[in-house]
Every structure is written in C-alpha cells, then in structure tokens.
Amino acid sequence: MSPQIEQEASQPLVEVNSLKVYFPIRSGVFRRHSGNVRAVDNVSFSIGHGETMGLVGESGCGKTTAGRAILRLVPITDGTIKFRGKDVASASPEGMRKMRPQMQMIFQDPQASLNPRMTVASIIAEPIKEHQNLGRSETIERVQELMDAVGLNRDFANRYPHEFSGGQKQRIGIARALALNPDLIVCDEPIAALDVSIQAQVVNLLADLQSSRKLSFLFISHDLGMVRHIADRVAVMYLGQIVELADRDDLYANPSHPYTEALLSAVPEADPEYERSRRRILLTGDVPSPSNPPTGCNFCNRCPKAFDRCFRDEPALKEISEGHLAACHLFDNS
Amino acid sequence: MKSGAPNEQSPVLSVRDLCTVFGTRAGDVHAVNSVNFELSAGEILGVVGESGSGKTVTMMSMLRLLPSPPANVKAGTVHFEGRDLLQATDKELRRIRGGRIGFIFQDPMTSLNPVFSVGFQLRESLRRHLGMSRKAASKRSVELLEMVGIPDAESRLSAFPHQFSGGMRQRVMIAIALACDPSVLIADEPTTALDVTIQAQILELIRDLRRDLGMAIIWITHDLGVIAGIANRVLVMYAGQIVEHARVEDLFANPSHPYTRALISTVPAVRGHRAKRLNSIEGQAPTLLGMPNSCPFESRCSSAFARCAQEAPHRMQVGSSHDAACFLVENASHVATN
C-alpha cells in the first residue's frame with residue numbers, strides 16, 4: 001500500500017464538522033433579514049469507506065438539508081465538510097466540479113427526479129457525457145451495463161420515464177447515480193414513495209450494489225425499520241441537531257436520548273399481541289418551529305424526562321459509552 | 001371494546017359482490033372485483049393492500065363517490081340501515097355521507113377547504129345534517145374540537161386550516177367526521193401523511209373515541225404495523241380482490257395466502273431478529289385490464305402451480321372467520337377432512 005492510500009483508508013470518506021445551514025427569513029417592505037430558519041444547526045458526523053450511515057428523524061428535522069449540504073446543493077452557512085480530506089464547503093467552482101462525480105444522490109420522488117422528455121438511455125448517459133469523454137458506442141455500452149446492474153431490461157433503453165412503474169423509475173435514478181462510479185451516494189428517502197413489496201426489492205438492490213462497488217451511503221429516511229436493516233451506524237436528528245448517534249444494534253437495543261426512545265416506541269409493529277401489551281411513550285404537542293427553537297434543550301418542551309436544567313442549558317453531543325453519542329443532560333453525571 | 005367481542009349477528013354494513021370498472025381507452029380496468037364483506041357494530045375492520053389494490057375505490061364505490069364515467073359500479077349491493085346504497089337517490093345519499101357514515105381522508109390539507117375557517121366547516125355539517133341553530137352548532141363544535149384533543153378549542157374555531165399542523169388538521173378532520181355521531185367511520189390512510197410520533201397520538205385518539213362512542217370503523221392502510229395495533233378483523237386486498245380475511249391475531253399468527261405471508265415478511269422491524277437480506281416479492285402487481293381468469297398473484301407467487309394460471313380461486317374457508325382465495329387452502333382443507 002502506498003502511504004497515500006494508507007492514509008485514505010484510515011480516514012473517513014466524509015467528515016462533517018459543526019455544519020450549519022440557516023435559511024434567512026426576510027420580512028417587511030425592505031425584505032429586511034429578520035431571523036433564520038435553523039434547518040441544520042451544528043451537526044457533526046462522519047461516514048467511513050463502504051459504510052452506510054442512517055440519518056433518521058421526522059419531517060422538518062433537517063435530515064434532507066443535511067444530506068444536500070454534503071453535496072453542496074444548498075448554501076452552507078458555517079462549518080466544514082471534508083470529502084477525502086478536501087473541504088466541500090469552501091471548494092472553488094472548478095474544484096467542486098471535479099469532486100461531483102464522486103458524490104451522487106438518489107431522490108425521494110422517482111417521478112419528479114427524471115426528466116419526462118428524455119429517454120432512459122439519455123437520462124443515464126447525461127452524467128457520462130458531462131464528465132467523461134467517451135465515444136458514442138462506449139457510452140451506449142456503459143448505459144447498458146448500468147441498466148443490467150440495476151435490473152432494468154436493456155430493450156427499454158429508448159422508452160420514457162412514464163412508461164415505467166415507481167420501482168423501475170427508482171432503478172433508473174439509481175443507474176444514473178452509479179454512472180460515474182461514485183464513492184458516496186446520498187439516498188434521500190429512496191423508498192418512501194414505493195409500495196412495501198417494491199421497497200424490499202430496491203433496498204436489496206442498494207445492498208448488492210454497495211457490496212459489489214464498495215459504495216458509502218448516507219441513507220436518509222423516516223422508516224426506522226428499514227434504517228435498522230440497511231445502516232451500519234445511525235444518527236437521530238431533531239430540530240436541526242443530532243440528538244443521538246450510535247452503532248445500529250446499540251442504538252436500537254439501548255436508545256438513550258428520550259426522543260429516540262419515544263420515536264422507537266411510536267413505531268407500530270406487525271405483531272398484534274405485542275401491540276396490545278406494549279407501553280407507548282406518547283409525546284405531547286408538535287415539533288417547535290426551527291426559526292424559533294426553545295431555549296435550553298431543543299426537546300425540552302416535549303420531553304417526558306425534562307428537568308430544570310433542560311430549560312436553561314443546551315446539552316452538547318457527547319460520548320456516553322464507546323461509540324455511542326447522545327445530547328442529553330440526563331447523562332451529565334454518569 | 002364495550003362488551004368483549006363485537007356483535008357478529010348484526011352487521012351495520014354489508015357489501016355483496018361489489019364490482020367497479022373504469023372505462024379507459026385501453027379497455028375496462030377491473031378495479032374492484034366481487035368484493036364481499038360485512039362490518040359489525042363497534043368493530044374496527046382493517047383493510048390492507050398496496051397502492052392500486054382497490055382499497056379506496058371499494059369505499060368510494062360504496063358511497064357512489066366516484067365520477068361516472070369513467071367509473072362504473074357494475075354490480076353488487078351495499079346494505080346499510082335497511083337500504084341499498086347503490087340504489088339510493090342522490091338526496092338520500094347526501095344525508096348519509098358525512099351524516100350516518102363519516103369519512104376521513106389521507107391528506108387533511110386537501111380535504112379541508114382552505115378559504116373557510118375550521119369552525120365554519122364543522123358547523124356546516126352540523127347544521128346541514130342535524131338542522132342545528134347557529135348557536136347550538138357553535139357550542140357543539142367547541143365540544144367536538146375538545147373531544148379530539150385540540151387545546152384552546154373555542155379560539156381555534158376561527159382559525160383556518162393552514163394555521164394548524166398536520167396532526168392537528170387530521171384531528172379537525174376526525175372532529176368533522178364524527179360531528180353527526182355516525183354509526184360507520186371510514187378512515188382512508190388517515191395517518192400515512194403524518195410522522196410516527198404524531199401517528200401514535202392519532203391512533204390512541206381513535207382507540208379512545210371508538211371506546212367512548214362505539215361506532216364501527218373501516219381503517220384503510222398499507223402499514224401492517226398500524227393494522228396490528230388497531231384492527232379487530234382484517235381484509236387483505238390485492239389486484240381489486242379480497243385475498244384473505246381473518247381476525248387480526250389469526251392473520252399474523254397463521255397467514256394463509258402466499259401474498260399475505262410475503263407482505264408480512266418483507267417489512268423490517270425495529271426490534272427482534274434482523275434479517276441479513278429482506279424477503280422481497282419479485283415482479284409487480286398486474287394491470288387490471290380485462291376480466292381476470294387466473295389467480296392475480298400467480299406470476300409473483302413462489303408456490304404457484306398449474307391450476308393457478310387456469311382459473312381464479314374463490315375465497316375458501318381456513319378456520320372460523322378466516323378465509324383465503326388460494327387453491328393451497330382448498331388442498332389443505334381436503335387433507336384435513338380426509
């Protein structure tokens with residue numbers, strides 16, 4: 001191994017440090033800057049080579065914005081994102097263009113993310129034409145390989161997206177993301193729009209591609225069962241912040257943050273007897289607005305275990321056991 | 001439940017041989033195919049299936065809510081309170097919809113009218129169906145909002161739908177559906193658009209309301225977890241047909257149709273055993289063009305045999321209140337009786 005490769009292997013593929021994405025609120029006649037929606041507020045995590053990082057949380061918690069920020073699809077307010085040691089947040093346009101082929105995205109809505117006027121072949125070939133200098137026949141060959149890899153029939157290359165079912169459309173989106181042999185794919189709710197029986201097909205495909213191509217995934221989802229299936233490590237987000245981060249088995253077996261506990265206990269299980277006997281932690285109220293989060297802990301106004309300190313000080317994300325991080329005052333003295 | 005098991009002698013709603021087709025340029029789409037079921041007083045009947053399986057179209061056909069053309073409710077009867085809804089006059093139907101039968105839809109934002117206050121929409125149903133005065137209707141509206149757990153109900157009456165969060169909007173929808181004290185509540189994917197913690201709140205609310213008010217509920221969902229937690233009996237739909245019907249315990253303990261079995265095994269859980277690889281159902285649901293003359297699940301079924309491609313199976317008895325439309329069930333019961 002050359003020293004450079006060795007260094008790469010020991011280093012995570014992506015390192016996010018104190019990432020902040022604020023969207024300005026403008027009001028009044030002069031559109032004066034009157035506040036911020038803190039979509040992502042001080043988030044740090046890393047993704048290793050070949051690892052799947054699960055990012056879970058409810059709608060509006062900032063998980064999608066965090067995923068988009070890593071690819072710099074939204075302006076980054078503060079913080080650094082190191083991809084193979086290079087900062088994405090401060091990269092020049094040319095530098096960014098060089099990095100883009102290595103990081104791709106799969107979107108939630110397979111219908112909306114495919115151009116209805118382009119054939120499947122031209123959708124999958126577009127990134128190749130943009131970033132690589134391949135001849136016509138080589139491009140066609142590459143497109144056909146990709147269609148095989150995601151389980152689409154080669155004969156359908158000249159059809160249009162509307163001629164495919166939801167699951168097949170998502171396969172087209174996956175083929176497009178794979179076209180440039182990326183290292184990282186941000187999967188933003190890739191199965192949320194699909195039927196249960198099709199979800200399993202797509203998740204199995206993603207798992208196969210990961211092992212055959214050494215991909216790293218950031219898997220953004222609100223489906224806690226599916227994240228448990230596919231992720232190696234899981235981060236739970238609430239109101240723009242990571243409240244808990246741990247290895248998958250550790251997180252599901254010992255949820256430590258009260259929000260994670262409540263979230264897991266709210267997931268309905270396909271087991272009538274268990275459903276009847278289980279005790280649910282019912283959260284009261286709704287998620288506060290990210291433009292006006294409560295003082296102290298973000299979760300303090302809904303937390304069943306909140307005490308006086310939670311309304312004063314913001315808890316930091318810290319290690320509570322090996323590799324298990326939580327942001328909660330309950331673990332301050334332990 | 002008020003008194004143990006729901007009363008099985010007197011169904012409040014009974015649907016026989018319901019068939020709905022949509023006329024399209026490509027031909028007739030058989031969206032609902034000979035659907036039979038009964039709803040007993042005070043029970044929660046879960047209807048589970050994937051998109052396009054005919055769950056919603058069945059309910060819409062019952063209340064003749066589908067635009068015709070293209071929809072055509074070709075055959076069947078829907079008995080409710082001594083009359084056939086499919087033969088009822090428009091005037092009668094208007095009284096029943098939103099009156100004796102309440103409806104909750106999936107997306108509370110599109111089913112509430114954005115230009116009227118929540119109070120107006122609640123009063124509208126009370127005044128129209130029950131002939132209440134303005135004042136009495138206002139008073140009752142406050143009670144209803146309090147019943148579904150909306151804090152500060154009196155001042156919220158003048159608020160508009162966009163001023164509520166998703167979970168609160170769904171509570172308003174439930175209040176409207178329950179305004180006229182219906183004997184049947186049809187809930188069409190009412191928690192699908194909500195987050196899990198909010199879904200848990202709504203499920204709890206529905207359980208409480210059912211216990212207090214005693215109406216029968218048809219709960220449509222694609223989420224087996226939700227079904228397991230809320231339903232007494234379950235209908236599994238696939239390709240416009242009921243493929244299995246059972247009490248909820250029996251369905252999960254002894255799923256008899258291969259589709260039900262596959263469906264239950266594809267959903268990953270948040271606790272217990274974690275499978276290395278998900279079981280998946282290969283292929284996709286059939287288009288419903290033309291009359292089916294084979295089992296609709298035949299092409300995706302791992303235990304299909306020759307007969308499955310030649311004729312369509314009818315629902316066959318598995319146990320008490322448990323049946324499945326599969327030839328394997330028939331064979332199994334033959335073995336049992338021999």
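This is a predicted model: local features need pLDDT of at least 70, side-chain atom pairs count only at pLDDT 80 or more; totals for chains, interfaces and linings use all residues.
Residues are numbered from 1 along each chain as its sequence is written, and chains are lettered from A in the order in which they are written. Local features need pLDDT of at least 70 and side-chain atom pairs count only at pLDDT 80 or more, while totals for chains, interfaces and linings use all residues; side-chain values use heavy atoms, with hydrogens and water left out.

Of the area that chain B buries against chain A, 19% is supplied by Val270(B), Arg271(B) and Arg274(B), more than by any other three residues.

Val267(A) is placed in the loop between α10 (258-266) and α11 (272-277) of chain A; helices are DSSP runs of H or I with at least four residues, and strands are runs of E with at least two, numbered from the N terminus. Val267(A) has a relative accessibility of 12% and therefore counts as buried (under 20% relative accessible area, with a 1.4 Å probe and protein chains only). Neighbours within four places in sequence aside, Val267(A) is in contact with Leu224(A), Glu275(A), Arg278(A) and Arg280(A), and with Val196(B) and Val270(B) of the other chain.

Also in chain A, helix α4 (residues 120-131) packs on helix α6 (residues 166-178) at an angle of about 25°, with the axes 7 Å apart. Axes are lines fitted to C-alpha atoms over the stretch in contact, and angles run from 0 to 180 degrees between N-to-C directions. The angle makes α4(A) roughly parallel to α6(A) (under 35 degrees). Val120(A), Ile123(A), Ile124(A) and Pro127(A) of α4(A) make the contact with Ile172(A), Ala175(A) and Arg176(A) of α6(A).

In chain B, helix α1 (residues 55-62) has 7 of its 8 residues buried, so it is largely enclosed by the rest of the structure. Val57(B) and Ser61(B) are among the buried residues of α1(B). Both Val57(B) and Ser61(B) are in contact with Thr20(B), a residue of strand β1 (residues 11-24) of chain B. Thr20(B) is itself buried, with a relative accessible area of 0%. After α1(B) comes Arg64(B), whose phi is positive, near 50°.

Notes. Angles under 35 degrees count as roughly parallel, over 145 as roughly antiparallel, 65 to 115 as roughly perpendicular and the rest as oblique. Contact means heavy atoms within 4.5 Å. Buried means under 20% relative accessible area, exposed over 50%, partly exposed in between (1.4 Å probe, protein chains only). Buried area is the accessible area (1.4 Å probe) that two parts lose on being put together, summed over both.
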